[in-house]
Structure formats: structure tokens, C-alpha cells
Amino acid sequence: MNLKNTLLIAVTFLSFAFAKAQEPTECKIMMSLFAEDAKAKDYESAYKQLGPLIEKCPNESAAIYQYGEKIYEYRLKKKIGNVDENVDGLIRMLKTEAEKFPDFVNVTKKVNEMVSVMYKYNLGAQQEQFDILHRNFKKDPANFTDPKIMITYFKLAEKQFVGGQLDLQTLFDIYDKLTSHIESLQDERSKVVADLLSKQETTKLTEKEEKTIGYQEANLRNYGIVMGSVNGTLGELADCDKLIPLYNAEFDANQTSKEWLSNVLVRLQKKDCTEAPLYIKSVKALHAINPSARTAYGLGNIATTTKEKFQYWDQAIELDIDADEKATIYYKKGNIYKSQSQFASARRAYLKSTALKPSFGQPYLKIADMTANSTGSCGANPFEKRAIYWVAARYAEKAGRVDPSLRSTANKYVASYNGAAPDKRFVFTNTHGYKSGDIITFNCWVGESVRIPTF
């Protein structure tokens, strides 16, 4: 055979081999058909392919189990097939994703979801479920954001306490860390909403920004539900009438313990038990052995004069008390200024409070109330005096948007304020030259502007 023929045969053979190598394997074909049905949400067809695909090609792709998760969730939601089999299937999908494909999925979230499913359907030991969630929360709080998982975690903690596996202080510690985490998430989401609402006052939002507000408000509602559930669970155990006897019995033995006194103050301040004799003597005892921002705050709470209160609270702020308590201090200062009709000072204090804690809506309602009650001192003419209600409505609306727990109350205020503001007829018939779209600036303590609506 000459060299030319030999080369021709070799090239032909390599071309054939290359063509064969390019042909899709059976696993790739099965995966493609399965993924096509799953993407189209034809979960019944995809379900029939899932078992054979896992049996023949278990390591083909993480997508097998990601789609499998959706399939089993669909079957459980629609009550298709045997519940136990669907639950087992869902757990198998989540477990496989976490164990086999750690580079493609969020392992913490998948393990948390698996535990949540096990708890919901009463599978496995609750001690083990609690241990897993407790460990994941401490190790990876950044991925502990699912409201459903949070509720499961705290319910399991409560069961451990009732069963004697956790003492009350440990349950309180879990409560503190979890609620602090939730509040931090609420603040993040509320800041996004508040910033976009402020932007909306002068600029039309994009469709994406409108969707962002809706998405974050949904998050806030869900976190509000979690907070309500957690507080409801712990409510009877953590009320003042339960805490005070508990800590009173231990005070004499612990009155020189910095850690014990600090824990008592945190607990009593969170439940607003600050008028109890126990709170007063605990603050003084801790301040004597370890003066700090927290004790200065506590002494401000029990001070009997405004001057003394502000002196201690300002000291707490200077000593860098945490942001939540700093927000509370400014809110309390705002309330005092408001009660003294120092509205400009009150407004500044309230805005500092919400800047520190963006999910805190109550200061906005306070500003709205002050604004609505300033018609006598704000506005150069009758039209402007009524227009101030639009500013009040704006603050009330913001209160409900950043804090869903205030939504119902805030909406009532918004409706009331808008009802008192100039209506369509007043805008068109006023003798002061104002028309829709004009901007009115108030030179009183409010110091803001408002655009007359287009009716």
C-alpha cells in the first residue's frame, strides 16, 4: 500500500472517530429531554423521566436534582401521588445537591431546607434538626435568611427548652441573636425602599426600581410575620411579670457580675421593663463596676429630669452604644421635643432615628402628626395651610412602606391627611395662582416642598 493510500485511510478513520465522539451520549439525550419538560413546567412528564435518569446517570448534572426539587414540591403542593414518597423524594433531592454538588449550590440553604421539610413532615429526631439549624445559624448567618427556616429554628429551640435540653437563658440568647439578625435584614430592605421612595418624590422610577420596591416590601412583610411568630412564642416567658421574679431571685448572688447584669439589662430594656426597681438597681450596680454606653443609656432611662436624661443619653451615644439603641435614644428625644412643641428639634431627632434603623416606621408617623398639626403656623395662605397635609401624608405613607406592621394604621392616616388636603375643585378654583404640578415650599419648621398633584 503506498503512502498516499495509507494517509487516506488514516484520515478517514480519524474523521469517523471524531464524528462518533460528537454524537450525544444516552445520558445527555435523557438529560436534554428531561430539562426541556422541566423548564416548560411539564412536571408530570419530567417526573416520569426523573427516576430512570437518576438510575442511569446520577452524576450527569446538578440540574437533575434542582429540577427534581421543583418536581417534588409541585407534587406536594398539588397533592399528587403518595405524600410520604414525595417527601422522601424531596429530601433526597436536597441532600444530593448538598453532598454531590457543593460547587453548584448553596450548601447551607439546601441543608436548612432539608431540615425544614423533615420538621414539617415529622421525620427524624428534632434534637438533630435543632443542632443542624443552630450550627448553620452560628456558622453562616449570611445564608440564614429564609423566613420559613427561621420560624422552624425557633420552634425547635422552644421544644428543646420545654423538653429540658435548653435552659431559659440559652433560649433567650437564641431569641436575641435571631431577632437581631431579622432586624438587620429588615433594616437593609427598608433602606432600599426608603431611598427609592425619596427618589420618587422628585424623579419617576424605572420599571426595575418599582419592582424592587415591591420585592423588598414582600420581604419586609415576611420578616414581620417571622418576628410576630417568634415574639408570640416567647411572649409569656419574656414578659416583665415573668422576668422580674426570675432575675430578682438571682440578683444578690450576681450583683457584682458584669456579664449577668448586662444580660439582665438587655432583657429588661427589650421588654421595656425599665420602671421596675430591679432595672434601676441593676443599672446602678453595673455602672458602679463597669461604666459604659449601656449603663449610661439605662441611667438616662431612669433619670427624673429632661436635662439629666439627655445628659446620660448623649453620653451613651458618645460611648458608641449600638445602632438600634442609639435609634431608640433619638426616638425618645424626639418624643420629648414633640411634647414640648419643639417640632424642628423633634423632626431632626426622629430622622436620625430612622437613619440608624431604616425599618423603624414610628418616627415617620410622629413627623406626620406634627406636620398635620402645624396648619396654623405653616403656610402663607389658606391653600398652603391645607397643602401641608400632603407632606404629612407622604411621611405617613413612608411609615407603612418601611414597616409593614404599621401598614394598616399608616393607611388610615394617609387617607385622613389626603382628605384634608386641597381637592381637585380647590386646586382649580383657588385665588392664589396655584395649579397642578406647581411646587410649594414651606418656610416654617417643616422646611420641605411638595408638588401639587395632577388630578
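Start at Tyr74: at 27% relative accessibility, this residue counts as partly exposed. Keep in mind on this tour that the model is predicted.

**Stop 1: helices α3 and α4**

Tyr43 counts as buried, at 11% relative accessibility. The rings of Tyr43 and Tyr74 form a tilted aromatic pair, 5.1 Å centre to centre, with 50 degrees between the planes. Tyr43 belongs to helix α3 and Tyr74 to helix α4, and the two are 31 residues apart.

Now select Arg75 and Glu44. They form a salt bridge, with the closest N and O atoms 3.4 Å apart. This pair, too, links distant parts of the chain: Arg75 is in helix α4 (residues 63-77) and Glu44 in helix α3 (residues 43-56). Is Arg75 buried or exposed? Arg75 is buried, with a relative accessible area of 7%. Glu44 is partly exposed, at 32%. The charged end of Arg75 sits over the ring of Tyr47, 3.7 Å from its centre.

**Stop 2: an aromatic cluster**

Select Phe130, Phe137, Phe144 and Tyr153. These residues form one aromatic cluster. The structure as a whole holds 23 aromatic pairs.

**Stop 3**

Pick Tyr331 and Tyr350. Both are buried. Next, take Lys333 and Asp314. Their side chains meet in a salt bridge, 2.8 Å from N to O. Lys333 lies in helix α16 (residues 323-339) and Asp314 in helix α15 (residues 306-318), 19 residues apart. Lys333 is buried, with a relative accessible area of 9%, whereas Asp314 is partly exposed at 30%.

Move on to Lys357, in the loop between α17 and α18. Lys357 is buried, with a relative accessible area of 13%. What does Lys357 touch, leaving out residues up to four places away in sequence? The contacts are Glu183, Asp187, Asp324 and Ala327.

**Stop 4**

Select Arg401 and Glu217. Their salt bridge has its closest N and O atoms 2.2 Å apart. Arg401 lies in helix α19 (residues 382-402) and Glu217 in helix α10 (residues 207-238), so the pair ties together parts that are 184 residues apart in sequence. Both residues are buried.

How many salt bridges does a search of the whole structure find? The search finds 25. For a network of them, select Glu201, Arg347, Arg394, Lys398 and Glu448, which salt bridges link together.

**Stop 5: the nonpolar cores**

In soluble globular proteins, nonpolar side chains tend to be buried together. The largest nonpolar core here has 52 residues. Select Phe383, Trp390, Tyr417, Ile440 and Phe442, the members that touch the most others. Several helices each supply at least two residues of this core, including α14 (293-302), α18 (362-372) and α20 (407-420). Which helix gives the largest share? That is α19, with twelve residues.

Zoom in on Trp390. Not counting residues up to four places away in sequence, Trp390 touches Phe383, Asn418, Ala421, Pro422, Val427, Val450, Ile452, Pro453 and Phe455.

Another core, of 46 residues, lies apart from the largest one. Among its members are Phe172, Ile182, Val264 and Val283. End the tour at Phe172, with Arg267 shown beside it. The charged end of Arg267 sits over the ring of Phe172, 4.1 Å from its centre.

Technical notes: Residues are numbered from 1 along each chain as its sequence is written. This is a predicted model: local features need pLDDT of at least 70, side-chain atom pairs count only at pLDDT 80 or more; totals for chains, interfaces and linings use all residues. Side-chain values use heavy atoms; hydrogens and water are left out. A salt bridge is a side-chain nitrogen of Lys or Arg within 4 Å of a carboxyl oxygen of Asp or Glu. Helices (H or I, at least four residues) and strands (E, at least two) are DSSP runs, numbered from the N terminus. Buried means under 20% relative accessible area, exposed over 50%, partly exposed in between (1.4 Å probe, protein chains only). A nonpolar core is a set of buried Ala, Val, Leu, Ile, Met, Phe, Trp, Tyr and Cys residues joined through side-chain atoms within 4.5 Å. Contact means heavy atoms within 4.5 Å. Rings of Phe, Tyr and Trp (its six-membered ring) pair if their centres lie within 6.5 Å; planes under 30 degrees apart count as stacked, over 60 as edge-to-face and the rest as tilted. A charge sits over a ring if NZ of Lys or CZ of Arg is within 6 Å of the ring centre and within 35 degrees of the ring normal.
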